[in-house]
Amino acid sequence: MAHTALKIVLGFLSTAVFFAAFVLVGDVLLAAVAALAVIVAQFVFGRTTGAKPSMAIWGSLAIVLTLTGVSLAGDDTTDPLLSQTDITGAVANCA
């Protein structure tokens, strides 16, 4: 039981790194780079030991890529509902 729990925790390590880096740094791209570095390290370690990547690692990769994509797609700094007029507070033509 403990061995299975450890495999799951290590499988989702990159997702935990993604959330921790995002909380600490506040940048989605840097958090994604940190998480992808952990995933690459897990794949390299798995290849050197002869182990296949677990489903948790693939799931973690999918979660990190999905959250990064959704965060970057929703990062729209322009608001079309805002008027581009300058608001000075002066009243020019008041009846």
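1. L13 lies in helix α2, where helices (H or I, at least four residues) and strands (E, at least two) are DSSP runs numbered from the N terminus. This is a predicted model, in which local features need pLDDT of at least 70 and side-chain atom pairs count only at pLDDT 80 or more, while totals for chains, interfaces and linings use all residues. Residues are numbered from 1 along each chain as its sequence is written, and side-chain values use heavy atoms, with hydrogens and water left out.

2. The cut-offs are under 20% relative accessible area for buried and over 50% for exposed, with partly exposed in between (1.4 Å probe, protein chains only). L13 touches V38 and Q42, leaving out residues up to four places away in sequence; contact means heavy atoms within 4.5 Å. L13 and A35 are 22 residues apart in sequence, with their C-alpha atoms 8.3 Å apart in space.

3. Now the chain as a whole. It has 4 helices and 0 strands, and from the N terminus on the order is α-α-α-α. Of its 95 residues, 20% are buried. Taking contacts between residues at least 6 apart in sequence, 64% join residues at least 24 apart. The accessible surface comes to about 7,300 Å², and carbon and sulfur atoms hold 71% of that. Accessible areas come from the Shrake-Rupley method with a 1.4 Å probe; for residues, only the protein chains shown count as cover.

4. The buried residues of α3 are V28, A31, A32, A35, V38, I39, Q42 and G46. Down the axis they fall within an arc of 125°, so they line one face of the helix, the arc being that of the directions from the helix axis to the C-beta atoms. An α-helix has 3.6 residues a turn, so residues three or four places apart point the same way.

5. What lies over that face, and what is on the other side? Cover for the buried residues of α3 includes α1, α2 and α4, while V33, F45, R47 and T48 are exposed on the other side. Also in α3, L29 is partly exposed at 47% relative accessible area; L29 and G69 are 40 residues apart in sequence and 9.8 Å apart in space, C-alpha to C-alpha. Just after α3, G50 takes a positive phi of about 85°.

6. Which residues does Q42 touch? Not counting residues up to four places away in sequence, Q42 touches L10, G11, L13 and I57. Q42 counts as buried because its relative accessible area is 15%.

7. Helix α4 (residues 55-73) passes the length check too: its 19 residues at 1.5 Å each should span 27 Å, and its end C-alpha atoms are 27 Å apart, which agrees. A56, I57, S60, L61, V64 and T68 are its buried residues. They cover an arc of only 145° around the axis, which puts them on the same side of α4. M55, V70 and A73 are exposed on the other side. Cover for the buried residues includes α1 (2-11), α2 (13-25) and α3.

8. Back to α2, for T15. T15 is buried, at 10% relative accessible area. Leaving aside neighbours within four places in sequence, T15 is in contact with S60, I63 and V64.

9. Finally, the surface. L6, L10 and L13 form a nonpolar patch with about 260 Å² of accessible area together. Patches are made of residues with over 30% relative accessible area and no salt bridge, joining like charges within 9 Å and nonpolar side chains (Val, Leu, Ile, Met, Phe, Trp, Tyr) within 5 Å; a salt bridge is a side-chain nitrogen of Lys or Arg within 4 Å of a carboxyl oxygen of Asp or Glu. L10, in helix α1, is partly exposed with a relative accessible area of 44%. L10 and A56 are 46 residues apart in sequence and 8.2 Å apart in space, C-alpha to C-alpha.

Conventions:
The expected span of a helix is 1.5 Å times one less than its number of residues.
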